[in-house]
Amino acid sequence: MEIDLEFRSGQEAGINPAVGIHNDVGTGMNCGMPRNGMEFESKETAYSFYNEYARKIGFGITIKSSRRSKKSSKFIDIKIACSRFGSNRHSNTAISPKSCPKTDCKASMHIKKIPDGKWYICNFVEEHNHEIRADNISNNSVRGKTNRNDNALCRKKGLQLALDERDVQLLLDYFMYMQAEAPGFYYVVDFDKEARMRNVFWVDPKGRHDYVHFSDVVFFDTHYIRSKYDIPFVPIIGVNHHFQFVLLGCALIGEESQSTFVWLMCTWLRAVSGNSPKVVITDNDNSLIEAVAEVFPNAFHCFSPGHVLNEVGPNLSHKLSGLEVFVMELKECMFGSWSKEEFENRWKNMVNEFDLADDKWMQSLYEDRRKWVPTYMRHVFLGGFCTVERSQSVASFFDKYLQKETKIEEFIDRYTLFLHERCEEEARADIETHHAPPISISRFPFEKQMSRLYTHATFKRFQNEVWGMAACSVRKEAEDEKTITFRVDDLERKQSFPLSWDKGKCDMCCLCRLFEYNGFLCRHALSVLELLGISTIPSDYILKRWTRKAKIRDTTNPALINTNFRVQRLDYLCKLAMKLSEEGSSSGEAYQVAFNAIEEALKHCVGVNNSEKSVLETNRTAARDLYGKIKKTSKKRKVSFVLGFSRYFDKEIPEE
């Protein structure tokens, strides 16, 4: 039996999420016995207090029920219970990742919100009907170190070896907190046949929104799994218009198998509205190769150059004494070969020099050369990913926030900080692009043209090519009715590059393939344009994804916007908000008009949403009944059901 549960928007499904977060557990908090009447500054503080108490005593906790105010939609009532509440037959087996049996334990802490904003314990039940031991949760199973008495009861495998019971609870509580705070937050939990967490995936609203605009190249990074980090973290990475890496999704996985990667890729694809990327980058691994072929059959699949180079040591260190010399030769073979013939000659000389012609790993690497050697990927846009420098920067994307020994509680805090800092970094780049004009270094008209179109980060890279024109000399080699062939001598790179120009289509192709890789013209193409007297870059060579308008849709007709998905609605509203902000900030009078309009629109939206909530209340009973039926049949068949972001149903308690 396999239980595969998906959680989508609780607001759209009529199911309100309960909230819980670890919030500095055990840092200076008084962790005595809870008692009725105790007050807390926030629900998070109350939850952390009970969570620390439970850890000290020796039991797990979960949020059993919650209730929101019908007026403000904020939480006013939460019941936190022992994780063994309920019975096996009627327990949340599709929700709880724990395999320990339910005992209908009544131990719990019920908190309510009071008018001054604080929370108090209205009912505390201390007694458990099962055995408990101090620090039972933290000591039972961390990285496979299980308590002998519980080994038969709660045998761990897969993701359970990386996360103990308390870790899983913290992670799920964080997801509930995020879905309450950030509309559009999406997460999916994959359970095994024993209802234990096998894999988990999540993506925040910004990641889903970014993918709408930057869906051309995606990297599934398994660096942290290969490097044996305590947390089996798999980030899904893209590149935005500022050449910054953006997080398009995250996962924790229990094993490196084809089925696991297929689950991850399919789950991620559903989260981003089902639009497949054009290029998928992964490490050179058979499980990943098979998974990509199954899930993304129409995408171009290539390997990370950094991973190819990192695999040299583990595979060849026993055969080579001068490993660093070989790596330098391999780099030169990869990035210094401007044609397939040149690569073939370099490769042959290299394997002969180091006596590696019979090595199986080198043979398999050569067979897959079309997936990692740049000269074989000349017509594929790679977003700048497939260079050694970019591969190294991808590998260090999370290094500041994630170390090998990082545990889940610390990871959640650092992940939150990571999201905040990345948003700030992108915001600074946006402000710089829109309000600080770049400085020109030449009088070429196409430099001025692109300074008004590209973001600052892209323009600086383009300027490097403009600067490199000084080292280029162009001569015409041949011409017929359709095509002119040029030869560009690049003195800086000490290389001669052929370039063809289609006179009818204004199309050009340079051997260096910079446009194919990075999406802007090279110094050789710019030199040819100058020679031909062309003062502006043809529109076909200006990729929108590198421009200031990368996040603005082409259509301006709201009727053409697909509003079936929340991410599409958010996308279009963000576009309008950007325009309104620019116009509204131009003068004091315009600001007042914009401000009043926003306030009025906000009131109307709140009213509409509140009226919809009353309609959705009538669907709760039906949803709950359906959920009950699914639990009854889950032992007989595989269940895959959309519950809407939340793991919990609000209790029908009359509002005070």
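At 61% relative accessibility, lysine 228 counts as exposed, where exposed means over 50% relative accessible area, buried under 20% and partly exposed in between, computed with a 1.4 Å probe on protein chains only. The structure is a predicted model, in which local features need pLDDT of at least 70 and side-chain atom pairs count only at pLDDT 80 or more, whereas totals for chains, interfaces and linings use all residues. Residues are numbered from 1 along each chain as its sequence is written, and side-chain values use heavy atoms, with hydrogens and water left out.

Lysine 228 lies in the loop between α7 (223-226) and β12 (233-239), the helices (H or I, at least four residues) and strands (E, at least two) being DSSP runs numbered from the N terminus. Although lysine 228 is not a glycine, its phi is positive, at about 60°. A positive phi, near 55°, is also found for aspartate 355, again a residue other than glycine. Aspartate 355 is placed in the loop between α13 and α14 and, at 70% relative accessibility, counts as exposed.

For the chain as a whole, 23 helices and 20 strands are assigned, and 50% of the 656 residues count as buried. Among the contacts (heavy atoms within 4.5 Å) with a separation of 6 or more, 63% are accounted for by residues 24 or more positions apart.

The axes of α13 (residues 340-353) and α14 (residues 360-367) come within 13 Å and cross at roughly 180°, the axes being lines fitted to C-alpha atoms, for helices over the stretch in contact, and the angles running from 0 to 180 degrees between N-to-C directions. The two helices α13 and α14 are therefore roughly antiparallel to each other, on a scale that takes angles under 35 degrees as roughly parallel, over 145 as roughly antiparallel, 65 to 115 as roughly perpendicular and the rest as oblique. Phe343, Glu344, Trp347, Met350 and Val351 of α13 make this contact with Met362, Leu365 and Tyr366 of α14. By class, the contact of α13 with α14 has seven nonpolar residues, no polar and one charged; Ala, Val, Leu, Ile, Met, Phe, Trp, Tyr, Cys and Pro count as nonpolar, Asp, Glu, Lys and Arg as charged, and the others, Gly among them, as polar.

Helix α13 also packs against α12 (residues 323-335), at an angle of about 165° and with the axes 9 Å apart, and α12 and α13 are therefore roughly antiparallel. Their crossing is left-handed, a term used if the near helix is turned anticlockwise from the far one by less than a right angle, and right-handed if clockwise. On the α12 side the contact is made by Phe326, Glu329, Leu330, Glu332 and Cys333, and on the α13 side by Phe343, Arg346, Trp347, Met350 and Glu353. The residues of this contact divide into six nonpolar, no polar and four charged.

A further helix pair is formed by α8 (residues 258-271) and α9 (residues 286-295), which pack at about 40° with their axes 8 Å apart and are therefore oblique to each other. The crossing of α8 and α9 is right-handed, and their contact comprises nine nonpolar, two polar and two charged residues.

Turning to the strands, β14 (residues 279-282) has both faces covered, with Val279 and Ile281 on one side and Val280 and Thr282 on the other all buried. Strand β14 runs parallel to β11 (residues 217-220), to which three bridges join it, and parallel to β15 (residues 300-303), with four bridges; pairing requires at least two bridges found by DSSP. Isoleucine 281 of β14 stands opposite phenylalanine 219 and has cysteine 302 as its bridge partner in β15.

Elsewhere, four strands form an open antiparallel sheet in the order β16-β17-β18-β19. Strands β16 (472-479) and β19 (507-510) stand at the edges with a single partner strand each, so one side of each is left without a neighbour in the sheet. Neighbouring strands of this sheet are turned by 25° against each other on average, direction ignored. Helix α20 (residues 523-532) packs on the sheet, where it touches β16, β17, β18 and β19, and its direction makes about 120° with that of β17. Within the sheet, β17 (residues 483-490) and β18 (residues 495-502) pair in the antiparallel sense over eight bridges, and serine 500 in β18 is the bridge partner of threonine 485.
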